[in-house]
Each structure stands twice: as C-alpha cells, then as structure tokens.
Amino acid sequence: MQPQIIVIKIGTSSLSDPESGDLQLATIAKLVEAIVHLRREGHSVVLVSSGAVGIGCGRLGLKQRPRKISKKQAVAAVGQGRLIRIYDDFFGSLQQPVAQVLLTRGNLIQRQHYMNVHATFHELLEMGVVPIVNENDTVAVDELKFGDNDTLSALVASLVEADWLFLLTDVDRLYSDDPRQNPEAKPIEFVEYSELQELRQAIGEKQALGAQGGGTQWGTGGMTTKLDAARIASAAGVRTVITRGAFPDRLSAILRGENFGTQFAAQPKTVNARKRWIAYGMVPLGKLFLDDGAVQAVIRKGRSLLPAGITQVEGKFDANESVSLCDRDGKEVARGISNYSSSDILRILGSQSEDIPKLLGFDGEETVIHRDNLVRL
Ligand SMILES: Nc1ncnc2c1ncn2[C@@H]1O[C@H](COP(=O)(O)OP(=O)(O)O)[C@@H](O)[C@H]1O
Ligand SMILES: N[C@@H](CCC(=O)OP(=O)(O)O)C(=O)O
C-alpha cells in the first residue's frame, strides 16, 4: 500500500472511564502501539486528542465538567500538560517522537497563520514526528472556537491533505438513532457524500430529543459533530471512518479494506489548498441567497457570482470576508470571499453588473464573488 496520511481523533469518552473519570491507560497504550505500527508501515499520522478538560477534572477531583467557561479553561490547562506527558511517555518508550500542537479557530481564519500551521505540520510529518493536536482551550474565546474536536480533526485532515480521518469513539459505528437510548437503532456501514446532509439533519433531530449531545457527561458533541466532521473531510477528499476507540489495532485492518465502523465516501481531491482554506479555514459571516439560474451558473458551470442572481442577504460583513451561498431552500451550496460588504450587496442585488458604479457611486468589481474565490460544497 502507498504511504497514507492518517488523522486519528480520539474522544474523551474513549480516554477516560465514564464513571470514575480514571484514564483508560490500556486504551491509550493500544492506541500508541497502533500508531507506531502505522508509522513503521510508512504512513504519516496526526493524532487529535481530546481529554484536557476530562483529565484536568480527574486531577483536581472534580466530579463534573465545569460549566463556567473560565473554570473549564483553567481545568484544561491542568489536564493538557498531563495528557501530553502521558503520550510522550508512551510514545517515547517506542522511540516515536511526538509534538504538541494547540490551535484556535482564529489560527485557521487568517491566511498567513493557516499557511504557517500548514508548513509546521508538513515539517513535522517529514521528520517522522506524530503531532498531537488539541484546541488551545485556555485561550480560545467563544466566538472563535472549534467547539469540538471532531470539527477540529476534519479541518486538520483537510489542512494536511489526509487520505483518512478516523473518529474514535465509545460506540462501534453510527446508528440510525442513539443505540444507548434506542435498542432498535440500525447500524449504518457506509454513507455516500450525497446522503450526508440529510442524515446529519435526521440524526441531529433525534439527538436533540435525547438528554445531551454526547453519550456520557464527558463527551461533547455526540454523533452530530462527527457527521459535520465527516462532511468537511469528505468534501476535502478525505475518507472518514467512525469506529470504536477501544480497538485501535483495527485501524490497520480498516486500511486493508476490512469493515469495522461506518465509512464515509470521499469526494475526489479536486480542490486546491487555497480553496480548501476558503471553504473550511475561513468562517462565513453571512449568507447570500441565490436564484435558480445563479445556482446553476455557480455550481454546474463554475462561473463567478454576479449581483443579478442574488435575491437576499443575511448577516453583516465587510468586503473580502467569507460568505455562504445558499439556494432558494436555504441549503448551503458554496462558499466564497465577497468583493462587497453586505450593505453594498443590498444596494446592487438583482441588478446588472454595468449598473454597479451608478448604484454605489464608485467603480467596483464586476462580480460579487470571483470564481477564483468561490468553492462549491
Ligand atoms: N445515531 C447515533 N449513533 C451512534 N451513537 C450515537 C448516536 N446518537 C448519539 N450517539 C451517542 O454519541 C456518543 C459518542 O459521542 P461523544 O460522547 O461526544 O463521544 P466522543 O467523546 O468520542 O467525541 C455515543 O456514546 C452515543 O451514545
Ligand atoms: N479540547 C477539549 C475537547 C472537547 C471535545 O471535543 O471533546 P470530545 O467530544 O470528547 O472529543 C478537551 O481536550 O477537553
């Protein structure tokens, strides 16, 4: 097999015991062995590990995840140090160097920062190091949070142009409903990209009816954030698998084609690095609703977006910021960098490009979003 770039995300629910909060040392050891095995087969591996808050709670004798943000951030600062120390000890005993990479959402929004992060991952993987990534919980502010490590791992997978993203959790795969609450829930083995949005909505609605997002009080997002992650990764050409964290030795078997967990088909890797940054590095600050003709032009024909095809604007944004493009039903079909602010678009929407100078009083761009700055989702 060709050397693969593999991102593995492990959730709190697999790292610590749900009742006592104690570390699942055997799982961590097996995960480390599995990763070292993958490295020795020639693959590059990035580990995205949750657990800072959970382990911090264990260290401080807290029985529940704190609700207050500043407390959670302080507890994460306690837990992250311990987490990385355990990994360094375990990987170190197998002579595998590791690196700690702590990221905030803001690091990926700015193009220069994004490129620096990209270059650092590249160097680490070139040197055979296993980067261990987590959100920099201690400094992250609410508006600029990944919020959950499922999303973070998908963005990292897109950034490093991974072949595979493994989301390791405490259930063996995705089900039609939460198997803890509904024993009739049906296992789902394979999901096509075209099925993902609808499935996300159905499972999100069922999960919202349940008590909380995650299966235990320590997990955060449950399956909805994993499905969001699968969508981001699949769109970036990364094959995603949801599988159980307690059996990391199955990762090699999955690479060989065995069927453990739920697999999500990847879209072809056609989008370049800059467009991937536009799609998933930047955070859209508003929405443009398009008529059917504009959806056709942008999606099917890869054309630029002109003011004539825009029917409505939502949100406040400046020129050069990221926006979502939605069809008449509100479904997001593309993202791009707008040449105009939301207030200027309100004045030119529905008009012909040649009327822009007259409507705005200055000689602006002909397009609202140029095709070079536009990515289909
Ligand atoms: N449709 C579903 N299929 C499988 N698990 C589900 C589903 N809906 C909710 N869950 C719950 O999601 C939990 C895993 O999410 P979470 O606790 O956030 O894990 P992690 O800490 O690994 O990110 C499972 O324990 C399960 O109870
Ligand atoms: N950055 C947080 C991770 C939060 C998170 O996404 O947790 P999980 O749902 O268990 O993957 C931590 O280290 O505790």
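1. Of the 377 residues of the chain, 51% are buried, where buried means under 20% relative accessible area with a 1.4 Å probe, protein chains only. This is a predicted model, in which local features need pLDDT of at least 70, side-chain atom pairs count only at pLDDT 80 or more, and totals for chains, interfaces and linings use all residues. Residues are numbered from 1 along each chain as its sequence is written, chains are lettered from A and ligands numbered from 1 in the order in which they are written, and side-chain values use heavy atoms, without hydrogens and water.

2. The C-alpha trace spans about 70 × 50 × 45 Å along its principal axes.

3. A record from UniProt (unreviewed entry) places the feature "binding site" at Ser50, Asp137 and Asn149. These positions are spread over 100 residues of sequence, yet they cluster in space, with a largest C-alpha distance of 10.8 Å. Such annotations may be inferred rather than shown by experiment.

4. Ser50 is buried, with a relative accessible area of 9%. Beyond its neighbours within four places in sequence, Ser50 is in contact with residues including Lys9, Thr12, Asn134 and Asn149, contact meaning heavy atoms within 4.5 Å.

5. Asp137 likewise counts as buried, at 16% relative accessibility. Leaving aside neighbours within four places in sequence, Asp137 is in contact with Ala52, Gln73, Ala76 and Lys145.

Note on methods:
Buried < 20%, exposed > 50% of the residue type's maximum accessible area, 1.4 Å probe, protein only.
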